[in-house]
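Morning, everyone. Let me put the model up, and then we will walk through it.

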Amino acid sequence: MPGAEGTWATSYHAPVFVDEVVRVLAGARRVLDGTLGGGGHAAALLARGGSVDAVDRDPDAVASASARLAGAAAAGRFRAYAGNFAQLDAVAPLRDIHYDGVLLDLGLSSHQIDATDRGFSFRPGARLDMRMEGPGSPQRDATEWLADATETELADAFRSYGDEPRSARLAREVVRRRAREPFTTSDDLVRAIRGALGARTGPGDFARLFQAVRIAVNDELGALATALPELRDRLHPGGHFVVISYHSGEDRLVKDAFREWSRSCTCPPRQPRCTCGGRALGALEHRRPLVPGPDEVLRNPRARSAKLRTWRRAA
Ligand SMILES: C[S@@+](CC[C@H](N)C(=O)[O-])C[C@H]1O[C@@H](n2cnc3c(N)ncnc32)[C@H](O)[C@@H]1O
């Protein structure tokens with residue numbers, strides 16, 4: 001990425017689906033980027049004109065992307081704040097503002113994955129932190145979640161967020177091990193996974209199950225479910241909602257919400273005749289999600305599991 005500044009420069013990847021995002025939001029004068037990250041999408045959107053307001057749960061991301069986009073900020077076209085897209089009203093300067101486009105590019109940034117001290121990866125010796133708000137945050141971290149979650153909560157997370165068929169067995173193993181010694185580093189979780197699922201488990205399993213813990217620690221699906229209708233209501237008539245997700249649970253929430261908002265009738269399905277006189281809130285822009293082609297995956301391996309869905313608010 002030309003002109004990249006700061007310590008994040010080495011970890012910039014091409015933003016996922018950047019051409020498609022810019023195309024869908026081409027006519028949007030004011031865009032909300034709810035997941036600023038390294039500022040790649042924001043930079044591409046600013047390059048085509050208009051203005052971008054942005055938030056990110058991670059204050060480091062906000063600082064770094066703000067340095068990168070200082071020129072646009074000085075011109076009054078860009079502003080960024082630390083905040084959760086599910087609590088946009090808590091970001092005072094953005095309260096009551098409406099947008100022509102809203103973008104969510106969910107999950108983690110490359111920088112967060114690469115930074116060993118953030119504890120998202122299973123690299124040996126990494127402290128299990130995993131808080132998107134960063135190590136200084138008052139939120140509970142992964143060590144606390146692994147210490148406090150009930151066996152049922154652990155099993156639910158491993159199954160729902162990590163697609164683990166032997167989730168109950170892994171949950172039992174975590175409970176057994178934490179009674180002897182608390183989990184503090186990536187090695188503790190890797191050993192529990194190996195202990196429960198066998199020595200043949202490898203990086204793919206660790207990635208999947210570390211992801212499950214991360215999603216639970218940050219309540220990522222809860223944040224998305226809360227945010228979807230709130231961000232929809234921040235759109236001007238005719239405004240576009242673009243969401244890129246990397247996990248089946250996230251994609252399901254987005255798919256169901258976009259479909260629900262696109263139905264013209266809200267009567268119960270068994271009711272023989274429509275009595276609601278309903279008008280759809282908007283329409284799907286693509287019937288099926290966009291998935292990356294081989295070029296996109298080559299440019300950015302993170303794009304492998306990405307799905308992009310777009311919805312347009314009725315004019
Ligand atoms: C995939 S990265 C975004 C990359 C960005 N689109 C770019 O082009 O550089 C996802 C970012 O979303 C942030 N994030 C995830 N959930 C969030 C939430 N609920 N509210 C605000 N930011 C969130 C993460 O901290 C991370 O920086």
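Helices here are DSSP runs of H or I with at least four residues, and strands are runs of E with at least two, numbered from the N terminus. This is a predicted model, so local features need pLDDT of at least 70, side-chain atom pairs count only at pLDDT 80 or more, and totals for chains, interfaces and linings use all residues. Residues are numbered from 1 along each chain as its sequence is written, and side-chain values use heavy atoms, with hydrogens and water left out.

Start with R232. R232 sits in helix α11, residues 220-232. Buried or exposed? R232 counts as buried because its relative accessibility is 15%; buried means under 20% relative accessible area, exposed over 50%, partly exposed in between, with a 1.4 Å probe and protein chains only. Leaving aside residues up to four places away in sequence, R232 touches F241, W261, L281, W311 and R313. Contact means heavy atoms within 4.5 Å.

Now the ligand. There are 23 residues around the ligand, and H41, D56, N84, F85 and D105 come nearest. Near means a heavy atom within 4 Å. Polar contacts next: pairs of N or O atoms within 3.5 Å. A ligand nitrogen is 2.8 Å from an N or O atom in the D105 side chain. A ligand oxygen is 2.9 Å from an N or O atom in the side chain of Q112.

Last, cysteines. C267 counts as buried, at 8% relative accessibility. C274 counts as partly exposed, at 45%.

Conventions
A polar contact is a pair of N or O atoms within 3.5 Å; within protein, one must be able to donate a hydrogen and the other to accept it, and residues adjacent in sequence count only if both atoms are side-chain atoms.
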